[in-house]
Amino acid sequence: MQRYRNAREAVDDLRPDVPIYGFRPQVLQQDAQRFLAVFPGKTAYAVKTNGEPAILENLVAAGVGTFDVASPQEFVAARGAKPDCELLYMHPVKAQSDIRLAFEQYRIRSISLDHEDEVAKVLRIVRALDIDPATITVFVRLATKGHAAYELSKKFGAAPGHATELVQRIASIGFRVGLCFHVGSQVEDIGSYRDALTIAAQVRRDAGAEIAALDIGGGFPAPYRHEGNAGPAVPEIEQMMPRILKEIDAAGFGDVPLIAEPGRVIVARCLSVIVRVLLRKGRRIYINDGIWSSLSDSWTGKIMLPARFLPDPARKRRAGKDELVPFRVCGATCDSVDILSRPFFLPDTLDTGDWIEIGHIGAYSLSLRTRFNGFYPDTFVEIETPFEEAPGARGYASVETMGDVPGDDSAFGEN
Ligand SMILES: *Cc1c(COP(=O)(O)O)cnc(C)c1O
């Protein structure tokens, strides 16, 4: 990987026409260590957030030794980075053959579920392989309600009464019992965790079983900004985690071994993408990336990314004032929905051929790239300076939900 101090230097050297990913391994290791420092339990990185080998290897170097995995490919990815790492198989709905692979080949001993038919699948494999159930922790995934950028609790999880039955069934078979939840992604309010912990405490009480571990999932927020560039700053993990731990204590889980499954909070800041403006048409710009490449997460998650204007020094004459104005951003593909539904605020002097560095895209970007229309960004450089500290004009990208796409362009001075 070629190495540069910042994106400006990379652009001056490469004058790239394809999107370039700027990877910041020091930032990644730092953010991983920040999480490890504030969380007293076991930190299991959620591999789906970004499972690239370079990411996983740097996490291992930072001290992460446990991974939350959901598929055989993720088992392979995590063990590729650390052959003796512990894997937690926390997908509640699994193929029978994958459960067998997990127990037999990968020696996985932690697994989650939210239905009795899944208990039956797990038990069938445990019997077939003659494994002692007491060596396996079965986590019951609890249904929760949250206020995340992404609301994930609708898909998985057992309601309290159902969860209580599952806990009793699992305990009676002889498995160790765990409880787990995942309140969503980019969760900025403690209330979501508090509500989930209240449910966990209720299930524990009603089931009357010993709880071997509590897994509080992921969802911890990355430092994006808020819509309209307003509102309070996103809380740092150093502020948020002590408050969550207090809630854990209050719910009576203070003496239970804890697990967390962070994704976004650890990897968001370590990657940026440098895109080129292929064309400016009034207040509309066409870039060489888009929702089918690196930007789908910000699009679905109502996430506002930081952006930096990198003007092309070869362009000697520029129109417009040096003030931030909103640009409608069109993606590279021919798909008419490939338009970011909220503007990027960038200097009015921006023109065809300039570059934009979009920061904090480490989560849910590389894994969600498609080959649609033949565009597949895959060029990486290493960048030393954290995005926030690099020189140059700042802007920000305001990206919102798909529901807004057909909207009104009147604010954009189309021509
Ligand atoms: C996606 C996921 C995570 C990671 O979520 P972040 O919001 O990126 O922290 C953790 N646990 C489970 C079960 C998940 O599905």
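Predicted model: local features only at pLDDT ≥ 70, side-chain atom pairs only at ≥ 80, totals over all residues.
## Cysteines, positive phi angles and overall build

Cys330 counts as buried, since its relative accessibility is 3%. Cys334, by contrast, is exposed, with a relative accessible area of 70%. A search of the whole structure for disulfides finds zero of them.

Turning to the backbone, Arg15 has a positive phi of about 40° although it is not a glycine, and Arg15 is located in the loop that runs between helix 1 (7–14) and strand 2 (20–23). A positive phi, of about 55°, is also found at Arg107, which is likewise not a glycine; Arg107 lies in the loop between helix 5 (96–104) and strand 6 (110–113).

As for the chain as a whole, the protein chain holds 11 helices and 18 strands, and of its 415 residues 55% count as buried. Among the contacts between residues at least 6 apart in sequence, 77% join residues at least 24 apart. The accessible surface of the protein chain comes to about 16900 Å², and carbon and sulfur atoms account for 51% of that surface.

Methods: Residues numbered from 1 in each chain as written. Heavy atoms only, no water. Disulfide = S-S within 2.5 Å. Buried < 20%, exposed > 50% of the residue type's maximum accessible area, 1.4 Å probe, protein only. Helix = DSSP H or I, 4+ residues; strand = E, 2+ residues; numbered from the N terminus. Contact = heavy atoms within 4.5 Å. Areas by Shrake-Rupley, 256 points an atom, 1.4 Å probe, with all protein chains shown as cover.
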